Amino acid sequence: MFGSLANMQPRQLAAQVLQFALVLSTAFMLWKGLSVVTDSGSPIVVVLSGSMEPAFQRGDLLFLWNRRQETQVGEVVVYNVRDKDIPIVHRVIRRFGGGSKPLQLLTKGDNNAADDTELYARGQSFLDRKKDVVGSVAGYVPYVGYVTILLSEYPWLKTAMLVFMALTVVLQRE
Amino acid sequence: MAESKISPYNLADLKNTTDDALGNYMRSLGFQQDNKTTDIKLAVGYVGCIIAAATFAADYKLGWEATKTWTAVAVFAYMVLNGFYSYWVYFVEKGLVFEGTKSGKHVSIASKTNKHEPTYYLTITTNAPSTDPRKIQAPFPTWFTADGFFVAKPFQQWLASSVGVIGDADAKNAMRDQRDELASPKMPAAEASVPEDIGNGTVESTGVESKGKSGKRSKRK
């Protein structure tokens, strides 16, 4: 299997490695391109919990749009708890400010009994639309996100997948 | 070069092995390989990858908000570079296997295969004024055994006899003597003046002057 690598000229080897590097780079740049277009740091998120059932299930893939700053009550938004990297998907149930004043939102999961005040950082009662919200949900695809959940719960899968991809692309010369 | 076995039914393997052999053969004849086309492709490709890596690093260290503008610029630059890379590979490189110069003669060879067809197609461009065909082809079994081993001799003979520039560099494999002999054989002077018994009475002219199939005589009835 690696015999073909040994017989290659240095430029050919460089070209094969470039193929793999381009696969990774293009995938990453497409992702970043989507970020730029939607103006969101994380334009596609996976639902991790059942707090938004029956609207969204665990494993659903959500597409976000962050260019509408005038979020309305009833919209589903994704936000990061301050100082934590956990994205939460909940519905806006109250809004304050807006227009010239900074917009503040209160959220609650459809399937939760209480609103999100407990989830916010200490001393924080509301979300700041500009600072905390990653985007509002514009569309979704069910179940597809389960792959991501698997990858995050079994991190060795990520390495295995990457190694497999690398071998396939570098050794393939079609 | 290690003699490794390939599957004689795998067209991609056949083509790749032959392409590699072609490059090695040309280099062994003393052709100086011109790597400009490949180098431009590699340079553009790797610059794109570096931009992507830098964007990744910036995003990892500084987060999304801080790097928004740079990311937008980088994505655009990457798309331009990637577009150029694709254009270069598809339109300029187009199957290029070898490009080089020897004694002022520049030659550029591109190879091609068609799906499910075991034929090796070459397109040759040279700056030497010649009547050589620009496109030549041969079936892969010409230089592959039934087991899938590559045999260099028939491959080199095919190349040297089909392409003038290569033949000039490799006289042994060009077999120019045999080619010239087939075209106009030198017959001993004594035979030429006496027409042989040709059976049905017709007279046929033979001699040193005649070309083509002069090796054959008419059938005796």
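This is a predicted model: local features need pLDDT of at least 70, side-chain atom pairs count only at pLDDT 80 or more; totals for chains, interfaces and linings use all residues.
A polar contact is taken here as a pair of N or O atoms within 3.5 Å, where, within protein, one atom must be able to donate a hydrogen and the other to accept it. By that criterion, eight residue pairs, both partners at pLDDT 80 or more, are in polar contact between chain B and chain A.

The size of an interface is often given as the accessible area lost when the parts come together. Between chain B and chain A, this buried area is about 2,300 Å², and carbon and sulfur atoms give 63% of it. Chain B brings 30 residues to the contact, and chain A brings 25. On the chain B side, the residues that lose the most area to chain A are B:Tyr46, B:Trp64 and B:Tyr78, which together account for 23% of what that side buries.

Turning to secondary structure, helix 1 and helix 2 (36-93) of chain B are the elements that give two or more residues to the side touching chain A. Of these, helix 2 of chain B gives the most, with 22 residues. In composition, the chain B side divides into 15 nonpolar, nine polar and six charged residues.

Side chains of opposite charge can pair when their charged atoms come close. Three salt bridges are found across the interface of chain B and chain A, while the count over all chains comes to 14. A:Lys32 lies in helix 2 (residues 10-38) of chain A and B:Asp59 lies in helix 2 of chain B, so this pair joins two chains. In the salt bridge between A:Lys32 and B:Asp59, the closest N and O atoms are 3.3 Å apart.

Within chain B, a helix pair also deserves a look. Two packed helices are described by the angle between their axes and the distance between the axes. Helix 1 (residues 11-28) and helix 3 (residues 152-162) of chain B have axes that come within 11 Å and cross at roughly 65°. The crossing of helix 1 of chain B past helix 3 of chain B is right-handed. Helix 1 of chain B contributes B:Thr18, B:Ala21, B:Leu22 and B:Tyr25 to the contact, and helix 3 of chain B contributes B:Phe155, B:Gln156, B:Leu159 and B:Ala160. Six of these contact residues are nonpolar and two are polar, with no charged residue present.

Two backbone features in chain A round out the description. The peptide bond from A:Glu53 to A:Pro54 is cis, with omega near 0°, and A:Pro54 sits in the loop between strand 1 (44-46) and strand 2 (61-65) of chain A. A:Tyr143, although not a glycine, has a positive phi of about 70°. The loop that holds A:Tyr143 runs between strand 7 (133-141) and helix 3 (146-153) of chain A.

Methods. Residues are numbered from 1 along each chain as its sequence is written. Chains are lettered from A and ligands numbered from 1 in the order in which they are written. Side-chain values use heavy atoms; hydrogens and water are left out. Axes are lines fitted to C-alpha atoms, for helices over the stretch in contact, and angles run from 0 to 180 degrees between N-to-C directions. Helices (H or I, at least four residues) and strands (E, at least two) are DSSP runs, numbered from the N terminus. A crossing is left-handed if the near helix is turned anticlockwise from the far one by less than a right angle, and right-handed if clockwise. Contact means heavy atoms within 4.5 Å. Ala, Val, Leu, Ile, Met, Phe, Trp, Tyr, Cys and Pro count as nonpolar, Asp, Glu, Lys and Arg as charged, and the others, Gly among them, as polar. Buried area is the accessible area (1.4 Å probe) that two parts lose on being put together, summed over both. A salt bridge is a side-chain nitrogen of Lys or Arg within 4 Å of a carboxyl oxygen of Asp or Glu. A polar contact is a pair of N or O atoms within 3.5 Å; within protein, one must be able to donate a hydrogen and the other to accept it, and residues adjacent in sequence count only if both atoms are side-chain atoms.
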